[in-house]
Amino acid sequence: MAQLIFLTILVGGAWLLYRRFISDAEKLAAKSRAEEKERQNQAIGTLIQDPETGEYRPRREDDD
């Protein structure tokens, strides 16, 4: 019985690590695509609209 519990915990932990790896890879790929698009457009940065004030500002790294 202890072996079954250990195996279940091991498989669950591996699954969580796999999902985290996949989500990080997707974020990195999206960031890479956005940077490539900026280079193609010869843009210095991407502007996003602040929903509270309505003003545009450059996108920061922590904006997602």
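Biologist: How far does helix H1 reach from its first C-alpha to its last?

Modeller: Bear in mind that this is a predicted model. Helix H1 covers residues 2-40, which is 39 residues. At 1.5 Å a residue you'd expect 57 Å, and the helix comes close to that, reaching 57 Å.

Biologist: Is Glu38 buried or exposed?

Modeller: Glu38 sits in helix H1. Leaving aside neighbours within four places in sequence, Glu38 is in contact with Ala43, Ile44, Gly45, Thr46 and Arg59. Its relative accessible area is 17%, and the cut-off for that class is under 20%. So Glu38 is buried.

Biologist: What about the aromatic pair, then: how are the rings of Trp15 and Tyr18 arranged?

Modeller: The count comes to 1 aromatic pair. The ring centres of Trp15 and Tyr18 are 5.6 Å apart, with the planes at 35°. Planes under 30 degrees apart would be stacked and over 60 edge-to-face, so this pair is tilted.

Biologist: Where do Trp15 and Tyr18 lie?

Modeller: They're 3 residues apart, about one turn of the helix. Trp15 is exposed at 53% relative accessible area, while Tyr18 is partly exposed at 43%. Both lie in helix H1.

Biologist: How far apart in space are Ala25 and Val11?

Modeller: Ala25 has its place in helix H1, and at 36% relative accessibility Ala25 is partly exposed. Val11 is 14 residues from Ala25 in sequence. In space, C-alpha to C-alpha, the two are apart by 21 Å.

Methods. Residues numbered from 1 in each chain as written. Predicted model: local features only at pLDDT ≥ 70, side-chain atom pairs only at ≥ 80, totals over all residues. Heavy atoms only, no water. Helix = DSSP H or I, 4+ residues; strand = E, 2+ residues; numbered from the N terminus. Expected span 1.5 Å × (residues − 1). Buried < 20%, exposed > 50% of the residue type's maximum accessible area, 1.4 Å probe, protein only. Contact = heavy atoms within 4.5 Å. Phe/Tyr/Trp six-rings, centres within 6.5 Å; stacked < 30°, edge-to-face > 60°.
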